[in-house]
Amino acid sequence: MSDIIIETRNLSKLYGLRRDEAVEMLSKGADKDGVLRKTGVTTALYDINLNIPRGEIFVIIGLSGSGKSTLVRCFNRLNRPSSGSILFDGVDLMKMSKHELLEFRRHKAAMVFQSFGLMSHRNVLGNVAYGLEVCGVSREERETRAMEAISLVGLEGWEKATIESLSGGMRQRVGLARALANDPEVLLMDEPFSALDPLVRNDMQFELMDLQKKLNKTIIFITHDINEAFKLGDTVAIMRDGRLEQVDTPAAMSQHPANDYVRTFIDGADKTRVLSVCDIMLKPACLVRLTDSITHAIREMQTNGVSSVYVRGQSMRLKGILTIDEAVRAHREDLSIADVLQADISTVPEDTLVSDVLPLAAGARVPIAVVDESGALKGIVTKAAVLSSML
Amino acid sequence: MDWLFNFPFEVNLDTDAIDQAVRGFAASYSSFFDGIKSALTNFVGAINWVFSYIPWFALIGIVFFLSWKAHRRIRSGIFYSLLLCVIGAFGLWGLMNLTLSIVLAGVIIALVIGLPIGVLISGSEHANRIVRPILDMMQTMPVFVYLIPAVIFFGMGSASAVIATVIYSMVPVIRLTSLGIRQVNAEVVEAACSFGSTRAQLLFKVQVPQALPTIMTGINQTLMMAMSMVVTCSMIGARGLGNEVLIAVNRIEISRGFVAGSAVVILAIILDRLTQGWFSKKEESGGEEN
């Protein structure tokens, strides 16, 4: 099994009669509107090449009409692409027979919908068990498995409830449970949280990440909310007018947007939730060893124009911080660095999000030290770096 | 100036020839039409046989129980069974059973034909384009126009009455079945497909159950249309309450007409409330468990 679960090659979807002409125009770089005016062909997707890694949350983001929902529906062939190929574990979806396609939908990919797509004539259990029912799983087994899925999304005790009696958030949990009940390899989620209010959305995002960790499914997640995309996505793909603009990790994307469109798009994002401290930390300019002399420490601070210096022990292990005031006192009283060292300082691990060090940075008089698991100093984060990363 | 207001030409339809042709057709395929006729007559007879073996109190009891359950008020149970008693008190019990047999036979056949057609035209634009004008014609064509060929092909009697009832009452169930299925939320259908439903699974597990309230309204309307054919059908030899009305009209017996007419109305009301109450009860219970 390779690391890539879904691979698309030159995937296009066009609506209209004069598609050949449209393809020719598009290949010469014409835009969607121009093609529509000239040939009457609507370009939903053009030349999409994607590699979706196994076990990731892969987010596809774009404005309405950018083709993101069309794209995700190609992954289970609810939409039939006009050209190109989609390889799922190396098998081409486009070449599947009717029967193979049914089997694929039943066992490999399950979908969660924006307005839930639940059947009002069935209760929660009946909805969750639907996918198993169409596979021909016996009543007893499908109800057991449906109950497992229901408890996964935290709806125990609601299995006999009708859909009308549930709130939006709970309905989407049912939608999620229905998709999980079939134990698919890939979850396709088409703006699943867009219809929910912000607080519920937050909860659901958190729970989705939790579930993903627990079940280790590949999730393809569609959204139009850049914050949601950056929060959930291991990889984010930005779409515009049926084409891919950039595919990258949230941190890389916010630091190196491919073009102006991506830049304006992610301007709306709260980058402190994307960047971790190692993205903004500096290498400490001056550092002294525990065994160095006080005079050496004072001279280091003087040359670098700083009023405090980090002190390290063996193999970069951080011991504490020495301020200029203490150093001068030690010099006068003839003490060593170890005697005047301030040992209880705040440190953060490398993968801490910038948003999490905000309160710490705001109150800090000295830069925050970034350390790895072994306690070795990796860098420092200054107040200026934290505050400027918010812009 | 006459030429402005008089239509300039006329085609002389040889109506005699057409009539001859139809009669000839009926005569040459008489064994076929006789077969259908006897099948329909037997069907009506069988239903009537069932009704004739239901004691009067049992029928009243059934109506009481069903309307009580349907409306969840003992009051409606009492009300509708009293209405049924009125028909009995008028001395029309046997005629009512005859009428019910023809109406039910017509409705059952209309549903057996109409439901699949409704499903078919909901899923196919082609079929829809062909069937729609036929439905329009069935609804607007004056009933008497097809009573005549019905009599030619099937003779006077309950068979012709059933066929006229079927043609007249089948339209609502077709239209509303198709409408109901088309109105099922597109995302629900998409969801069902995304889980690998076959065409049949999609239809019977999702589309039909979701469209059920609308389909039920169609069935109810079909039943009502069939009831409205009762008097008309008596003109081609259907016995029952309609025949009473017809006799009363011919003899200008006001009270007799009124009594039989009231019985038709009462029967219609009971059938309507029973079916309607049942469907709306189903819908209500959907949101009940809050």
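Val59(A) stands opposite Val236(A), a residue of strand β9(A); strands, like helices, are DSSP runs numbered from the N terminus (E, at least two residues, for strands; H or I, at least four, for helices). The model is predicted: local features need pLDDT of at least 70, side-chain atom pairs count only at pLDDT 80 or more, and totals for chains, interfaces and linings use all residues. Residues are numbered from 1 along each chain as its sequence is written, while chains are lettered from A and ligands numbered from 1 in the order in which they are written.

**Strand β9 of chain A and its partners**

- Strand β3 (residues 57-61) of chain A runs parallel to β9(A), and four bridges join them; two strands pair if DSSP finds at least two bridges between them.
- On β10 (residues 243-248) of chain A, the pairing with β9(A) is antiparallel and has five bridges.
- Within that pairing, Val247(A) of β10(A) is the bridge partner of Ala237(A).
- Two residues lie between the strands in the hairpin of β9(A) and β10(A), where Asp241(A) takes a positive phi near 50°.
- Strand β9 (residues 235-240) of chain A is largely enclosed by the rest of the structure, because six of its six residues are buried.
- A residue is buried if 20 or more other C-beta atoms, placed from the backbone, lie within 10 Å of its own, exposed if 12 or fewer, and partly exposed in between.
- Thr235(A), Ala237(A) and Met239(A) point one way from β9(A), whereas Val236(A), Ile238(A) and Arg240(A) point the other way.

**Chain A as a whole**

- Chain A has 18 helices and 16 strands.
- Its radius of gyration, taken over C-alpha atoms, is 27 Å, well over the 21 Å that the globule rule gives for 391 residues, so chain A is more spread out than a compact globule; the rule is 2.2 Å times the number of residues to the power 0.38.
- Of the 391 residues of chain A, 40% count as buried.

**Contact between the chains**

- The contact takes 22 residues from chain A and 18 residues from chain B.
- On the side of chain A that touches chain B, α4(A) gives the most, with four residues.
- That side divides into nine nonpolar, nine polar and four charged residues; Ala, Val, Leu, Ile, Met, Phe, Trp, Tyr, Cys and Pro count as nonpolar, Asp, Glu, Lys and Arg as charged, and the others, Gly among them, as polar.

**Chain B and confidence**

- Chain B has 14 helices and zero strands.
- Its average pLDDT, the predictor's confidence in each residue from 0 to 100, is 88, and 96% of the residues score at least 70.
- Over residues 285-290 of chain B, pLDDT stays under 50.
- Where pLDDT is low, the predicted coordinates should not be read in detail.
- For the complex, the predictor gives an ipTM of 0.76 and a pTM of 0.77.

Conventions
Contact = placed C-beta atoms within 7 Å.
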